[in-house]
Amino acid sequence: MALSSLLDQLGPEILDPEEETFLLFSQDIPSQNLGFVDPRSATLDLNVAGKDFVIHQSPTILNRPGSTTGAVVWKITPLVADWLAASDNLFFATGVLSSSSAVLELGCGISGLVGLVLAPLVARYTLTDQSYVARLVEKNIGENSHLLNAKQLGNAPQKRKGKPLAARPRADVQFVPLDWELDEVTPSLTGDGSNKSFDAVVACDCIYNESLIKPLVQACADACRLGRADESSNADRPAVCLVAQQLRDPAIFEGWIQEFSRYFRVWRVPHSALSKELRSNPGFVVHLGILQTTGELHNQS
């Protein structure tokens, strides 16, 4: 079973959120300021997974009052995107993710970079965030559309003389506005009437504000719960929730992992399973959650 194979590689389940917080913050975490790639530039040229992406961002929106941190690219984002797209990534290697998977990203920010990189490797990728990012997310999808051809599995067919190869299908990536505090997570997010759930939920560097912890975790749980109501989904393969973040404040982190553990069984992705670039940044960490069953929730309460 794909999930069992994945969990075997993750090591022990996290049973004590306070201990996990202590273990992570007892290490020497270098200061990376807030963690932006370049908060002053309106355009970034980023090489991720062997492809050159042009990403538009908005320093102007970043400096507006209110929560607009998604207006620029964070340092962990290209590293996570590159790691997920690697041929030896444990999620693809174990079959938890495949070319038939549907993925939902929460808090994609203006760049949509993780989705742009991962979409060609899966069947459907849905980017979500507050509506203020919509214009630039769509612009980034269009700007990088030439990189969004779906990955061809196996050996590429040889071109016959006089007959051009048929164009590979474009990856299915879309943006849908979703505010964790105001909007409901529903099957309509898939954008596909025949599919009503997701195989994976991704959140990359969304944990920085204490007031957003509960809405974010609730959105993660609601998204993973869609599969249980979807008769066409495989009940033996529950959705996985992947949360990557930069460690900044132990109180914020502990608040998140305590809330996350109320709904999910939780594992930390070990260093050995991360890319060299993620391993070399001790302030970056990735956790995996599997939604608890009804019985497990009752036992916890």
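User: In this predicted model, how many residues does helix H9 have, and how far does H9 reach from its first C-alpha to its last?

Analyst: Helix H9, which covers residues 250-263, has 14 residues and reaches 20 Å from its first C-alpha to its last, close to the 20 Å expected at 1.5 Å a residue.

User: What caps the N-terminal end of H9?

Analyst: The cap is Asp249, which has a side-chain oxygen 2.8 Å from the backbone nitrogen of Ala251.

User: How should I think about the directions in which residues of a helix point, and which residues of H9 are buried?

Analyst: As a general idea, an α-helix has 3.6 residues a turn, so residues three or four places apart point the same way. In this structure, the buried residues of H9 are Ile252, Phe253, Trp256, Ile257, Glu259, Phe260, Ser261 and Tyr263, and you can look for that spacing as you go through them.

User: How do I describe the packing of two helices, and at what angle do H8 and H9 pack?

Analyst: In general, two packed helices are described by the angle between their axes and the distance between the axes. Here helix H8, made of residues 213-229, packs with H9 at an angle of about 30°, and their axes are 9 Å apart. Because angles under 35 degrees count as roughly parallel, H8 is roughly parallel to H9. The crossing in which H8 passes H9 is right-handed. On the H8 side the contact is made by Ile213, Lys214, Val217, Gln218, Ala221 and Arg225, while H9 contributes Ile252, Gly255, Trp256, Glu259, Phe260 and Tyr263.

User: At what angle do the axes of H2 and H9 cross?

Analyst: The axes of H9 and helix H2, residues 17-25, cross at roughly 145° and come within 9 Å. The crossing of H2 and H9 is right-handed. Its contact involves Pro17, Glu18, Glu20, Thr21, Leu24 and Phe25 of H2, together with Pro250, Phe253, Glu254, Ile257, Gln258 and Ser261 of H9.

User: Turning to the loops, where does Ala49 lie, and what is its phi?

Analyst: Ala49 sits in the loop between strand S1 (43-48) and strand S2 (51-56), and its phi is near 55°, a positive value in a residue other than glycine. With a relative accessibility of 35%, Ala49 counts as partly exposed.

User: Is Asp205 buried or exposed?

Analyst: Asp205 has a relative accessible area of 5%, so Asp205 is buried. This residue belongs to the loop between strand S6 (200-204) and H8, and the phi of Asp205, near 50°, is again a positive value in a residue other than glycine.

Methods:
Residues are numbered from 1 along each chain as its sequence is written. This is a predicted model: local features need pLDDT of at least 70, side-chain atom pairs count only at pLDDT 80 or more; totals for chains, interfaces and linings use all residues. Side-chain values use heavy atoms; hydrogens and water are left out. Helices (H or I, at least four residues) and strands (E, at least two) are DSSP runs, numbered from the N terminus. The expected span of a helix is 1.5 Å times one less than its number of residues. Buried means under 20% relative accessible area, exposed over 50%, partly exposed in between (1.4 Å probe, protein chains only). A polar contact is a pair of N or O atoms within 3.5 Å; within protein, one must be able to donate a hydrogen and the other to accept it, and residues adjacent in sequence count only if both atoms are side-chain atoms. Axes are lines fitted to C-alpha atoms, for helices over the stretch in contact, and angles run from 0 to 180 degrees between N-to-C directions. Angles under 35 degrees count as roughly parallel, over 145 as roughly antiparallel, 65 to 115 as roughly perpendicular and the rest as oblique. A crossing is left-handed if the near helix is turned anticlockwise from the far one by less than a right angle, and right-handed if clockwise. Contact means heavy atoms within 4.5 Å.
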